[in-house]
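Reader: I'm new to this and would like a close look at one part of a protein. Could you walk me through the charged side chains there and who pairs with whom?

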Amino acid sequence: MSSAVRCHAATYSPSLVERFYRGIVLPGFNSVVKGRKTFQFADELNQSQWWPVEKIVELQSRRLSSLIEFCWQHSCHYRVAWTQAGIKASDIASASDLSKLPLTTRETMRDHASRIRTQLTGQASVVKSTGGSSGSPLRFTIDTEANDRRVAAALRGYAMAGGGPGTKQVHLWGGTIGDQGPLRAAKEYVYSRWLNRRVMLDSFGLCDPNAEQFIRQINRHRPDVLVAYTNPIDTLSRIVLERDLSVHQPRAIITGAEKLHDYQRQRIEEAFRAPVFETYGSREFTLIGAECSEHAGLHLTSENLIVEVVDEDGRPTPEGEEGDIAVTDLWNRSTPFVRYLIGDRAVAGLERCPCGRGLPLLRKVVGRQLDMLPTLDGRRLPGEFFPHLIKDFVSIRQFQVVQRTIDEVVLKVVVDQRWSSEQADRLHALVSEGVGRTTRLRIEEVAAIPVTKQGKHRVVVSHVVERSIPQVSRAEVA
């Protein structure tokens with residue numbers, strides 16, 4: 001990919017329609033109709049990203065001190081845990097002091113949720129859930145201002161790639177699993193298509209036989225920007241190149257949810273003749289980091305979050321070495337996340353970017369890779385399908401998907417007392433839709449799921465070598 005094409009997304013001139021949506025329609029709907037402060041916060045972030053790094057660090061320190069004092073006063077769990085560690089709220093004045101505090105695991109957030117959450121009169125919050133790339137589903141609350149701020153951060157991150165509000169987009173993303181009522185479906189259609197200029201394509205239904213249908217959809221809608229799970233857009237790119245297909249050239253391609261490898265970036269850019277921008281996020285925090293046109297690393301959302309790369313004892317890893325990612329949310333007061341181990345790994349070294357932004361760079365995220373599941377009918381089901389689905393089954397404590405042969409998938413689940421045969425039947429039906437009729441599905445209830453030798457839990461594991469998959473015609477699976 002030439003440097004000229006790489007810079008194209010950052011140097012484009014927005015159309016009149018795009019400026020109309022960005023300046024009038026979307027702010028009007030969010031601010032006036034919905035009463036949200038998303039666009040106000042986005043404007044603030046668009047300014048603060050250019051601050052000197054020292055000013056951003058000072059802002060972080062003020063917000064961190066406020067968060068720690070709040071948790072000390074209102075979160076029973078944190079106050080007890082920090083007291084047991086011999087730490088007072090006044091001991092934490094900057095990000096460098098965070099290593100004094102104990103790390104918070106997903107299991108802690110899940111098992112001690114009521115003691116972590118704060119109950120303040122008049123505090124409005126919303127409930128969120130995540131299936132989790134680590135395989136432990138989690139439900140949590142977030143106060144409305146913090147939610148507006150995280151959405152604003154996502155708007156800024158996408159804008160770095162030329163995909164800001166008002167741009168015409170196609171999302172190759174996770175679709176709705178199971179039945180959706182007509183009213184909700186209509187609302188989603190209006191909200192996505194008409195208000196946000198987004199066309200949603202369900203990546204969970206993508207397979208080799210129907211891939212050209214997805215390409216025709218992209219060609220028909222001609223988006224400014226493609227937003228996609230990494231593996232599905234890589235699958236489409238492979239098919240475009242193998243079959244020498246003509247495909248619309250967007251301004252940029254934004255990938256997320258799965259780790260982007262160098263060979264995938266190269267293939268996607270070759271197929272679509274557009275620059276690829278990697279993002280890194282989670283349901284707990286939305287956007288954590290995003291690439292700019294320099295492609296030098298992931299700019300962290302440092303005004304909202306403190307991101308650490310730590311060893312198993314919670315100490316910062318040396319520059320250039322791999323460690324666990326711990327995130328502190330500076331805004332969420334409803335369910336505070338302090339030094340939360342998100343379940344991913346990264347290479348330490350928060351460098352500066354040639355673009356001039358004061359936001360530090362995360363050198364590389366290395367630990368988020370959910371396997372693809374190839375099937376006899378030509379599907380390559382993204383591993384993200386399973387966290388996306390299982391987050392809605394509150395009785396599942398942990399899960400793992402294992403594919404040892406091309407025609408069988410085993411879903412192991414650790415469940416609590418709320419689990420029922422009706423839920424098991426519903427889960428079997430929904431997963432069967434995803435893996436297809438050529439694949440046998442077994443759901444096993446187990447007491448525990450072992451970790452790897454490195455102490456990690458792999459959520460979706462496929463042992464199938466794709467080059468050994470026999471070719472099956474469409475007629476055979478019809």
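Author: Let's start with Arg437, which is exposed at a relative accessible area of 70% (exposed means over 50%, buried under 20%, and partly exposed in between, using a 1.4 Å probe and protein chains only). Before going on, a word on the source: this is a predicted model, where local features need pLDDT of at least 70 and side-chain atom pairs count only at pLDDT 80 or more, while totals for chains, interfaces and linings use all residues. Residues are numbered from 1 along each chain as its sequence is written, and side-chain values use heavy atoms, with hydrogens and water left out.

So where does Arg437 sit? You'll find Arg437 in the loop between helix H14 (421–435) and strand S19 (440–445). Helices (H or I, at least four residues) and strands (E, at least two) are DSSP runs, numbered from the N terminus. Thr375 is 62 residues away from Arg437 along the chain, yet their C-alpha atoms are separated by 9.6 Å.

Now move on to strand S19, where Arg440 lies. Arg440 makes a salt bridge with Glu408, with 3.8 Å between the closest N and O atoms (a salt bridge is a side-chain nitrogen of Lys or Arg within 4 Å of a carboxyl oxygen of Asp or Glu). Glu408 belongs to strand S18 (residues 408–415), so this pair ties together parts that are 32 residues apart in sequence. As for cover, Arg440 is partly exposed, with a relative accessible area of 46%.

Next comes Arg442, which pairs with Glu444 in a salt bridge; here the closest N and O atoms are 2.3 Å apart. Both partners are partly exposed: Arg442 has a relative accessible area of 37%, and Glu444 comes in at 25%. Salt bridges with shared partners link Asp407, Glu408, Arg440, Arg442 and Glu444 into one network. If you're wondering about the general idea, side chains of opposite charge can pair when their charged atoms come close.

For another setting, look at Asp377 and Arg379. Their side chains form a salt bridge too, at 3.0 Å from N to O, but Asp377 and Arg379 are both buried.

Finally, zoom out. A search of the whole structure turns up 31 salt bridges. The protein chain has 15 helices and 20 strands, and 54% of its 478 residues count as buried.
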